[in-house]
Amino acid sequence: MPADSTPPTTRPATSLVRRARKINRVLAQTYPDARCELDFADPFQLLVATVLSAQTTDRRVNAITPTLFAAYPDAAALAAADRTAVEEIVRPTGFFRAKTDSVLRLSAALVEDFGGEVPGRLKDLVSLPGVGRKTANVVLGNAFDVPGITVDTHFARLVKRWEWVDEATAKDPVKTEHAVGALFPKSDWTMLCHHVIWHGRRRCHARTPACGACPVAQWCPSYGLGPTDPEVAEALVTTQGPA
């Protein structure tokens, strides 16, 4: 929840704050290498990679971005790119025509409105074609060190399972962003998201969470959704996000 967004109107219960922060501390110990899993060298690369990551995996995006950025290293180059050539590069990420349209349009907007540079403010980022709050917060937190809550599918699933948000709030990513942000100091927001997302990709899976191999099981109201037998659960744990 960046500074220019609307804060929640009610203060969360102290017990919830304590439980949420304990979970985050344990996840930090469990995943000391947690970070953004998209490869990037600058804000422009992260912005484009994040847009391309929709409906696919970070590993698949990382496989094609070296080729993309070698050919089109900045917004001006990508804005002037041949559409067919870009489509062929991004094809493996799926929905390649729509994604090509998005990255070409946002590159053109960067050149026209921001001198080819990625802006470091939420309101400017979300003004770009194809860029919503989730993408903006990824870029702000990881390229500009501006705290933000990134509500992707993993984050939304886990905070609902942990009951950090109620049913009504869970249906709205912006409300979820605000509610979870109220549980933690701003300085924790970016790394909190990495911890939660890594846990969602490696243990707390959507269909069959590895409950019996979960380091935060004792604080989880949804414990038992997946197998609780340690050996069975351990077999579900992955060492990295999905391919």
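Predicted model: local features only at pLDDT ≥ 70, side-chain atom pairs only at ≥ 80, totals over all residues.
Let's start with the largest nonpolar core, which has 35 residues; Leu68, Leu78 and Val86 are the ones that touch the most other members. Two or more residues come from each of helices H2 (43–52), H3 (58–71), H4 (75–79), H5 (83–90), H6 (96–114), H7 (122–125) and H8 (133–143). H2 is the top contributor, with seven residues. In soluble globular proteins, nonpolar side chains tend to be buried together.

Zoom in on Leu68 and, setting aside neighbours within four places in sequence, you'll find it in contact with Val48, Leu52, Leu78, Val86 and Ile89. There's also another core, apart from this one, made up of 30 residues, including Val151, Phe155, Cys193 and Val216.

Now for a helix pair. H3 and H5 pack with their axes 9 Å apart, at an angle of about 155°. Angles over 145 degrees count as roughly antiparallel, so that's how H3 runs relative to H5. On the H3 side, the contact is made by Ile64, Thr67 and Leu68, which meet Val86, Ile89 and Val90 of H5. Sorted by class, that's five nonpolar residues and one polar, with no charged ones.

H3 also holds Asn62. Is Asn62 buried or exposed? Its relative accessibility is 15%, and because the cut-off for buried is under 20%, Asn62 counts as buried. Beyond residues up to four places away in sequence, Asn62 touches Glu37, Leu38 and Asp39.

Note on methods: Residues numbered from 1 in each chain as written. Heavy atoms only, no water. Core = buried A, V, L, I, M, F, W, Y, C linked by side-chain atoms within 4.5 Å. Buried < 20%, exposed > 50% of the residue type's maximum accessible area, 1.4 Å probe, protein only. Helix = DSSP H or I, 4+ residues; strand = E, 2+ residues; numbered from the N terminus. Contact = heavy atoms within 4.5 Å. Axes fitted to C-alpha atoms, helices over the stretch in contact; angles between N-to-C directions. Parallel < 35°, antiparallel > 145°, perpendicular 65-115°, else oblique. Nonpolar A, V, L, I, M, F, W, Y, C, P; charged D, E, K, R; others polar.
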